[in-house]
Amino acid sequence: MNNENSGLFLEGAPIGKLIRKFCIPTIISLLVATLYNIVDQIFIANADYLGSYGNAANSVVFPLTLVAMGLAMLLGDGGCTIASIALGAKENDRANKVVGCAVTTLIIAGIALMAVYLIFPDWIIRLFGGGVNERTFELSKEYFFWISLGIPFYMFGQAMNPIARADGSPRFAMIVTTIGAIINVVLDPIFIYGFRWGMFGAALATIIGQIIVAVIFAVYAFRMKTFKLSLSAMRPRWRLLKKILPQGAESMLVQFSIVLSMAIVFRCVEHFGASDPVFSQEQYAHVPTAVIGITMKFFQVAISVAIGLASGCFSIAGYNKGAHRPDRVRKLMNMMLTIQLIYGAVMSAVFLIFPLQFANIFGAEAEGAVYTEYAIKSIRIFLGTTIISCFNKGVCIYQQAIGNLKMGTFLSMLREVVFGAGLPYILCVMMGLDGILWFMPLSDVVAGIISLIVTIRTTKELKKKEIEFADDIKASKERCAAAGF
């Protein structure tokens, strides 16, 4: 499909067909990317010589991979959005330069983040609650060191994913990411159980998968269908970065705000757990860190589908905005949010009905009654409002996709920083350690009401634009019909 027909496909194909083509591969890609770290934790938790201590250590390091993902999304999603809008406006040369600039900046950012992690490991690990006891700290430090070495490869693979989707290859992006995950799954039991390499083995399995993904995407970058990279196109340009960074900022801030929230949550767990009648005991001190960590992992898996669905709409929404098709932008939004609500309702029900089964995935059966009971309570309370979380995430990301950066950022910051960072401590002061579990549902409900108001307002604005661009819409429909869409 040439550039013109590819654009007409985005502009004229049925919305449902576009969602299947772009969103399903995106969902799978993000789901697989999220599973990278979770697969490690499953094998770690079920290793007799690591158990819940290794589980807690993995939970401490997990937020630090989200920082890398946030930077990757800053440049990947930002570049994808600007490049898609440029293609919709038939500015192909500008689109090439945007992608090239994003790729080069991404490589520099990956190396810089790796250096920071390697220079300040102790301080960073303690910041995220890794000092809850000596064994947890030792395992966290070992895992963190090796994971840090793979950060540049991880970031490159994550950022190339949306770029490949914008290039018209969502299925390829999905396949590449899946290959990396399969490698991780195959190597984890070999390294952890066979060689008994512990946290080093878990990290090594992850890094090998990330390197292979990065290499495949590096080859693809110079063989793209729509975008044409050259050395001149890859030169960093500040005037383009000023366009890319604001567009990708919401995606980055979502990840960074989650990291901030997790840092506060783990510090609250460490602080308020010390005064809890059960978890103040040395043998149970690490249990809340391990349990809250796996609960957040389940949330990340569930929400990655919601993020993938909304992120998959970037190219579709961006192109149709550039082509003056607000009617399709509105229809896409409505369909996407409807799917979010249906999916979220199913996940909420699953978490409420089967908490024990989820806890057992991370070795609850071998940890005793204290661990199991706390895990069941955590999963039910923390994840019971997943339906609202999915709706909120869809609204936030779609606002970014259609260029409403301030609103997207406001919604994200409200949910993740104001509520996600402030409420945990306040609720812990009021309720003790259980306050950690209730901040998520309370945050979701309040943010959900605001997201609904924003959605209604956006729908009205798009309807007004349909009247304004009525002639453009009619001409667009005629072009697409002539092309067979």
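Me: Which residue just after H3 takes a positive phi?
Reply: That's Lys90, with a phi of about 65°. Keep in mind that this is a predicted model.

Me: What makes H3 mostly covered?
Reply: Of its 38 residues, 36 are buried. Helix H3 runs over residues 51–88 and reaches 52 Å from its first C-alpha to its last, close to the 56 Å expected. There's also a kink of about 25° in H3, centred on Met73.

Me: Why is the contact between Asp48 and Arg196 called a salt bridge?
Reply: Their closest N and O atoms are 3.6 Å apart, and the cut-off is 4 Å, so the pair qualifies. The two sit 148 residues apart, Asp48 in the loop between H2 and H3, Arg196 in the loop between H8 and H9.

Me: Is Asp48 buried or exposed, and how do you know?
Reply: Its relative accessible area is 70%; exposed means over 50%, so Asp48 is exposed. Arg196, at 47%, is partly exposed.

Me: Why does Asp327 count as buried?
Reply: Asp327 has 16% relative accessibility, and buried means under 20%, so it counts as buried.

Me: Why is Tyr425 called partly exposed?
Reply: At 45% relative accessibility, Tyr425 falls between the 20% and 50% cut-offs, so partly exposed is the label.

Key. Residues are numbered from 1 along each chain as its sequence is written. This is a predicted model: local features need pLDDT of at least 70, side-chain atom pairs count only at pLDDT 80 or more; totals for chains, interfaces and linings use all residues. Side-chain values use heavy atoms; hydrogens and water are left out. Buried means under 20% relative accessible area, exposed over 50%, partly exposed in between (1.4 Å probe, protein chains only). Helices (H or I, at least four residues) and strands (E, at least two) are DSSP runs, numbered from the N terminus. The expected span of a helix is 1.5 Å times one less than its number of residues. The bend at a residue is the angle between axes fitted to the seven residues ending there and the seven starting there. A salt bridge is a side-chain nitrogen of Lys or Arg within 4 Å of a carboxyl oxygen of Asp or Glu.
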